[in-house]
Every structure is written in structure tokens, then in C-alpha cells.
Amino acid sequence: MRNIHLYLGVFFAPLLLFFTISGAWQTFGFHESSPDGSYKPPAIIKSLSAVHKDQRWVDSKKRPAPSAPFSYLVLLMAIGIVATTILGVVMAFKYTKPWLVWFWFVGGFIIPVFLIYIAYRS
């Protein structure tokens with residue numbers, strides 16, 4: 001179980017880091033120009049965001065079609081991340097006090113839901 005978790009995690013680590021970092025700057029809109037023109041994202045940010053969102057590299061000269069093989073790799077990554085997450089939770093229950101695992105697991109669910117709820121109510 002640990003070896004599967006280890007190898008899947010290491011294999012998908014580069015993609016996971018890429019999607020995490022590029023998703024973070026997209027969350028704050030750093031990949032888009034501001035409406036008033038005061039901010040223009042660097043070309044590399046725009047291109048990497050296109051890989052994240054559209055599975056293609058876009059630059060000022062070329063706008064190719066999305067890469068189907070890359071899309072399937074991303075699907076495989078998503079399945080791998082789900083599998084390693086489940087394995088990680090199972091191992092946490094196996095090697096740690098169950099009440100601690102439940103505490104953090106429930107907290108990891110409640111806090112994001114609460115933060116979205118606060119934004120919704122505003």
C-alpha cells in the first residue's frame with residue numbers, strides 16, 4: 001500500500017505541482033489583464049495558464065488545438081491523485097490515532113464549506 005502511494009505520488013508530483021501553482025495564480029486572476037489595462041500578465045503566465053485550462057501551449061504566434069494525449073494524462077493524474085489520497089487516508093487510520101484522523105478529515109471538509117458559505121452570504 002505504501003509503495004503504491006509512493007510511486008503514484010512521485011510520478012504525478014511534477015504535474016501536481018504545475019496544476020497547483022498555475023491554479024493558484026488563476027484563482028487570483030494573474031493570468032488575465034485587468035479591465036482598466038493597469039495589469040498585463042507576462043506571456044509565460046498566459047501560456048502556462050492555457051496549458052492548465054485548455055491543454056495546449058499558446059503563444060503570440062501559434063494557437064494549436066488541445067492535446068488529447070495530454071488531456072488523458074491529466075485524467076490519469078486525477079485518478080492517481082484520488083487513489084493516493086484514499087491510500088493516504090487509509091494509512092493515516094492504520095498508523096495514527098483514529099480520532100486525530102477524523103478530526104483533521106472533518107476539519108478539511110468543514111472549513112472550505114464554511115468559507116464558501118461566508119462568501120455566498122456576502
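The residues lining the largest pocket divide into 3 nonpolar, 4 polar and 6 charged. This comes from a predicted model, in which the pocket in question has a volume of about 250 Å³.

**Largest pocket**

- The largest pocket, with its volume of about 250 Å³, is lined by 13 residues, of which Lys46, Ser47, Ala50, Val58 and Arg63 are the closest to its centre.

**Helix 3 and helix 4**

- Helix 3, spanning residues 68–95, and helix 4, spanning residues 98–121, have axes that come within 7 Å and cross at roughly 145°, and the crossing in which helix 3 passes helix 4 is right-handed.
- On the helix 3 side the contact is made by Val89, Ala92 and Phe93, which meet Pro98, Val101, Trp102 and Phe105 of helix 4.
- The residues of this contact divide into 7 nonpolar, with no polar and no charged residues among them.

**Gln26**

- Gln26 has its place in helix 1, which covers residues 2–27.
- With a relative accessible area of 14%, Gln26 counts as buried, because that value lies under the 20% cut-off.
- When residues up to four places away in sequence are not counted, Gln26 touches His31, Ser49, His52 and Lys53.

Methods. Residues numbered from 1 in each chain as written. Predicted model: local features only at pLDDT ≥ 70, side-chain atom pairs only at ≥ 80, totals over all residues. Heavy atoms only, no water. 1 Å grid on protein atoms, 1.4 Å probe; cavity = no way out; pocket = protein on both sides within 12 Å on 5 of 7 lines; lining within 4 Å. Points joined across faces, edges and corners; volume = space filled by probe spheres on them. Nonpolar A, V, L, I, M, F, W, Y, C, P; charged D, E, K, R; others polar. Axes fitted to C-alpha atoms, helices over the stretch in contact; angles between N-to-C directions. Helix = DSSP H or I, 4+ residues; strand = E, 2+ residues; numbered from the N terminus. Left-handed = near helix turned anticlockwise from the far one by under 90°. Contact = heavy atoms within 4.5 Å. Buried < 20%, exposed > 50% of the residue type's maximum accessible area, 1.4 Å probe, protein only.
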